[in-house]
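Try each task yourself, then check the steps below it.

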Amino acid sequence: MSIQISCPHCGKRPIEEFTYGEIPRVPDHITDPDARNVDRVFMYTNPAGVQTERWFHLYGCRRWLTVRRDTRDNQMSE
Amino acid sequence: MPELKSLPFTRIVATPMALDATIWPAEALAFRAANDEVLLLASSLPTIADPHAIILPDSGFVGVWLSAEALQAIFEQHCEWALPATRPVFVQGAVAGIAAKLWLEAERGLLIVPAAYGHDFAERTGLA
Amino acid sequence: MPVAFEAGDSVLVTLQRAGLHPNHGGCLCAAGDCPHCLATVNGVAYVRTCQTLAQPGMIVESFPTDDYPHLPPNTQRGPTVSARNLHCDVVVIGMGEAGQAAAAAATAAGKSVITLDDKAGQEVVGIYPELMVVARTDTGMLHIHAHDEVVVATGAAEIQPVAPGNHLRGIVTPRAATHLAAKGVALGRVVVVESGGAVNLSTSPALNIVAHRKGQVLQFEGLDTLKAVVIQDDNGLSQRIECDTAVVGLGFTPRDLLVRMAAGLKVRAVGDAAREADLPPCPNAGMVCSCSSVSAADLQRVWDQGFHEMELVKRATLAGTGPCQGVVCVPHMRSFLATRTAAADPSAMPDITRLSKVQAPFTARPVVRQLTLGEVAAGAHHHATPRTGLDAEHRRLGAVMDRIGGWWRPWHYGNPLAEYWAVREAVSIGDVSTLGKMIVSGPDTLAFLERLYPTKVSSIAAGRSRYVLILDERGYVMDDGLICKDSDTRYTLTFTSGGSSHAEMWLRDWAEGWNMDVRILNQTMSLGAINVTGPLATQLLQRAGLTQPYKFMQHGHASIANVPCRVYRLSFTGEVSYELHHPVDQSAKLWRTLMTLGADLGIRPHGLQTLLQLRLEKGHVIVGQDTDFDSTPRRIGMEWALRMDKVDFLGKPAIERTNKTVLDKQLVGFEMSAPATFEGANIMYEGEYVGYVTSSTHSPLLGKVVMLGWLKLVNGALPSEVMIDGRLARRVDVPFYDKEGGRARA
Ligand SMILES: [Zn+2]
């Protein structure tokens with residue numbers, strides 16, 4: 001009844017086995033280290049499209065994996 | 001009814017390369033829980049080619065050997081994901097909502113869960 | 001009233017034969033499509049009686065005429081419904097000709113196929129992402145995971161008439177007429193009306209057909225039961241015919257709910273489920289959606305308000321959101337909107353344009369059948385709460401157990417005050433197995449921890465531990481724990497019980513992110529931990545086998561009661577304390593031996609209630625209880641735990657930034673006279689709200705109430721006297737007990 005995520009170590013599993021962790025991405029045009037830090041900590045982009053996400057396989061290998069998810073249709077790639 | 005019992009594992013965390021190169025004792029069951037982690041059931045310890053490896057006895061898991069049919073009945077009711085067809089095989093994932101590890105042989109299999117969840121797991125799967 | 005039935009009769013047939021209608025009235029389809037035969041059967045509401053076989057002793061109740069069906073009282077627990085998970089390549093739903101052909105083709109192509117058919121008792125209720133088909137059966141729910149595709153071969157439903165009086169008893173579809181007649185149900189004088197759909201009842205010779213007309217039904221007449229129909233023929237002439245049953249043929253609409261809920265999934269309709277829908281005449285009066293009581297007049301009203309699309313009309317009226325999910329109303333809504341849209345186009349001939357203006361049905365959503373909560377919950381598990389190796393021991397000792405910090409833990413053992421004095425004056429043991437315990441090993445370990453923690457990790461000597469705050473990148477306190485140095489390349493880290501589930505993810509995330517050459521092992525559930533605390537703790541442990549003395553914040557290995565232990569000398573209670581970390585399968589053995597050896601010392605186990613009281617007397621903060629999401633070390637008065645002269649640590653830039661702002665509030669200690677107030681109580685100063693209490697207890701030893709709480713600075717200073725619970729409370733420095741800390745170090 002759910003979206004599935006492919007864990008490179010364990011295989012395809014229901015999303016309930018994973019915990020979500022976002023990778024905040026700082027745009028390149030922000031160059032000041034202090035401003036980059038603020039952006040990384042406080043700014044969330046929430047794109048309508050593909051974003052890089054980190055998921056922790058809590059019910060399996062207990063390791064992080066990185067996937068690309070399209071926020072519009074939940075299609076996952078790599 | 002078979003019972004969940006404490007398993008005398010050795011837990012090994014080492015570089016993936018060192019684990020890949022390890023020759024496990026013939027009678028051992030070495031479950032690759034992650035790229036850098038092995039759960040070992042063996043009477044002797046092999047040499048691990050990683051000076052920083054963490055190698056410790058671990059009684060944090062309980063398990064039970066069940067027939068293929070008994071396992072199939074549990075999976076059909078309590079496991080949403082598809083099991084691989086190959087045997088023997090080690091897999092892990094949620095069974096009855098609890099993180100389980102499975103060692104599946106042709107005729108039987110070892111079902112493993114953290115001891116802290118043993119009570120709930122047995123209750124949910126009828127192993128109690 | 002008791003009614004007789006024959007084997008194979010549905011509940012609907014049984015009722016009809018007895019002259020009863022399951023649901024007051026409305027056109028019957030006898031095919032599971034419409035909502036008009038729904039009733040409460042054996043206490044379960046919304047049962048399709050035409051799809052349910054009659055059983056001896058079954059109790060069938062109609063819904064109240066002006067209310068929703070009554071649900072069982074929520075004290076009554078329904079039966080547990082099991083789920084079966086099945087995997088295959090192709091699922092075929094519906095075993096008519098088209099379904100059989102699809103299944104045969106898939107099998108011939110070497111696919112594994114699972115077929116589902118409501119006539120075989122498999123009622124599909126929804127299709128979900130990743131291609132999971134959920135079906136209800138008499139023996140539980142099926143969760144079928146299809147790898148390739150789902151074929152929907154569910155056929156077509158008959159369109160039902162909309163005209164004034166269509167809520168009466170005595171209206172049936174052509175299929176229902178055939179079915180009921182074949183089952184020997186007396187239909188009386190039958191009038192057949194072909195309204196765009198052919199009706200052939202020649203297979204039911206028993207029927208007494210008094211009239212067979214082509215045209216539209218203008219009116220169904222009668223009070224509760226049909227008495228006559230008024231029909232207008234194609235020439236515009238109307239005629240009133242008395243009858244007991246009206247059979248109206250309006251054509252077919254595909255049963256495509258399952259397809260319409262699966263956009264983007266590999267779901268394909270075949271056969272009649274894929275046919276074009278017939279379009280009934282535009283409804284001008286009568287009930288369009290009996291599920292949600294939406295009449296033709298209601299459609300007109302929302303049209304006039306500007307709702308001109310299917311999706312919007314559905315939302316504006318709720319038509320199509322009831323038990324039949326739009327099977328009955330959608331054809332009429334489409335006809336209505338096409339007709340109005342065409343009429344609003346002055347350039348075109350309305351009758352011809354109408355067909356080109358027909359809109360697609362609205363999106364369908366799971367589920368298409370009403371389910372009990374048990375059926376919805378089938379196969380789902382709530383989060384399991386872990387138990388320590390001492391769980392059975394606590395219960396044996398009569399402990400009051402509760403789920404705290406994500407674990408089952410003992411709250412107290414019946415006499416919390418005696419537990420308290422055992423710690424303060426003798427010796428006590430407590431279960432702290434729930435603490436997070438992690439090992440980090442590798443060449444980069446020190447560099448890794450130095451970057452994670454705000455303390456100077458390099459100044460911790462081997463065999464020593466240090467209390468640490470754990471900060472997030474925003475400089476907020478996330479957790480606390482210990483860093484224990486084993487060797488230059490190996491450390492053991494502890495975390496609070498509540499924070500331990502997060503600790504492993506946090507460590508691994510940063511280790512990967514910084515590309516650190518470290519190995520990480522989570523031992524939280526592998527090691528039990530018993531806290532031995534009280535002035536006689538050292539004496540007890542010497543009896544149990546401790547041979548060397550341990551200094552405060554020192555750790556090492558020892559065999560205690562013949563159990564291999566990692567011993568940590570520390571203190572959370574304020575008294576001499578040793579944490580004994582040990583293999584979790586030996587917890588009970590260690591616990592019982594300590595209890596026996598300490599019997600003459602006055603040993604008692606203590607629960608979490610006592611532990612929280614003891615630590616509060618020492619002013620120790622519980623992260624998550626005393627802290628908030630935005631608690632910086634400065635705000636909780638623990639800047640001493642930071643080494644701002646370090647090059648970097650997690651949260652340092654944020655702390656440098658927030659330190660430039662004016663301090664607005666602080667976590668401080670308060671005292672007042674008994675009784676203790678509740679945690680969360682307001683703190684007032686000169687009639688204004690200035691904060692709230694986070695921890696509160698009556699201290700048996702100090703004879704007064706001690707508290708921690710958040711206090712705002714007023715005119716740049718912390719008020720020294722405030723009102724809590726309408727009583728005077730004094731702000732005091734923590735700890736409340738043993739300010740010099742001599743007892744813990746003894
Ligand atoms: Zn995994």
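**Exercise 1. Work out the order of the strands in the open sheet of 5 strands in chain C, and find its edges.**

Step 1. Trace the sheet across: the order is β25-β26-β27-β24-β28 (chain C), with antiparallel pairing. Strands here are DSSP runs of E with at least two residues, helices are runs of H or I with at least four, and both are numbered from the N terminus. Two strands pair if DSSP finds at least two bridges between them.

Step 2. Look at the ends. β25 (465-471) and β28 of chain C each have a single partner strand, so one side of each has no neighbour in the sheet.

Step 3. Check the twist, which averages 25° from one strand to the next.

Before going on, a word on the ground rules: this is a predicted model, so local features need pLDDT of at least 70 and side-chain atom pairs count only at pLDDT 80 or more, while totals for chains, interfaces and linings use all residues. Residues are numbered from 1 along each chain as its sequence is written, chains are lettered from A and ligands numbered from 1 in the order in which they are written, and side-chain values use heavy atoms, with hydrogens and water left out.

**Exercise 2. Zoom in on β24(C) and its pairing with β27(C), then find the helices that pack on this sheet.**

Step 1. Count the bridges: β24(C) and β27 (residues 490-495) of chain C run antiparallel and are joined by 6.

Step 2. Pick out a facing pair. Ile439(C) sits opposite Thr492(C) in β27(C).

Step 3. Now the helices. α12 (residues 445-452) of chain C touches β24 and β27 of chain C, and its direction makes about 30° with that of β27(C). Contact means heavy atoms within 4.5 Å; axes are lines fitted to C-alpha atoms (for helices, over the stretch in contact), and angles run from 0 to 180 degrees between N-to-C directions.

Step 4. Helix α13 (residues 500-513) of chain C also packs on the sheet, touching β24, β25, β26 (477-487), β27 and β28 of chain C, at about 140° to β27(C).

**Exercise 3. Describe the interface of chain C and chain B.**

Step 1. Start with the contacts: 32 residues of chain C touch 31 residues of chain B.

Step 2. Get the buried area (the accessible area, with a 1.4 Å probe, that two parts lose on being put together, summed over both). For this pair of chains that's about 2,600 Å², with carbon and sulfur atoms giving 53%.

Step 3. Look for salt bridges (a side-chain nitrogen of Lys or Arg within 4 Å of a carboxyl oxygen of Asp or Glu). The rule finds 3 across this interface, and Asp120(B) and Arg387(C) meet in a salt bridge at 3.5 Å, N to O.

Step 4. See who contributes on the chain C side. β4 (83-93), β24 (436-441) and β28 (519-522) of chain C each give two or more residues, and β4(C) gives the most, with 5.

**Exercise 4. Now take the interface of chain A and chain C.**

Step 1. Here 19 residues from chain A meet 18 residues from chain C, and the buried area is about 1,700 Å².

Step 2. There are 4 salt bridges across it. In the one between Asp509(C) and Arg54(A), the closest N and O atoms are 2.9 Å apart.

Step 3. On the chain A side, α1 (33-42) and β4 (50-57) of chain A give two or more residues; α1(A) gives the most, with 6.
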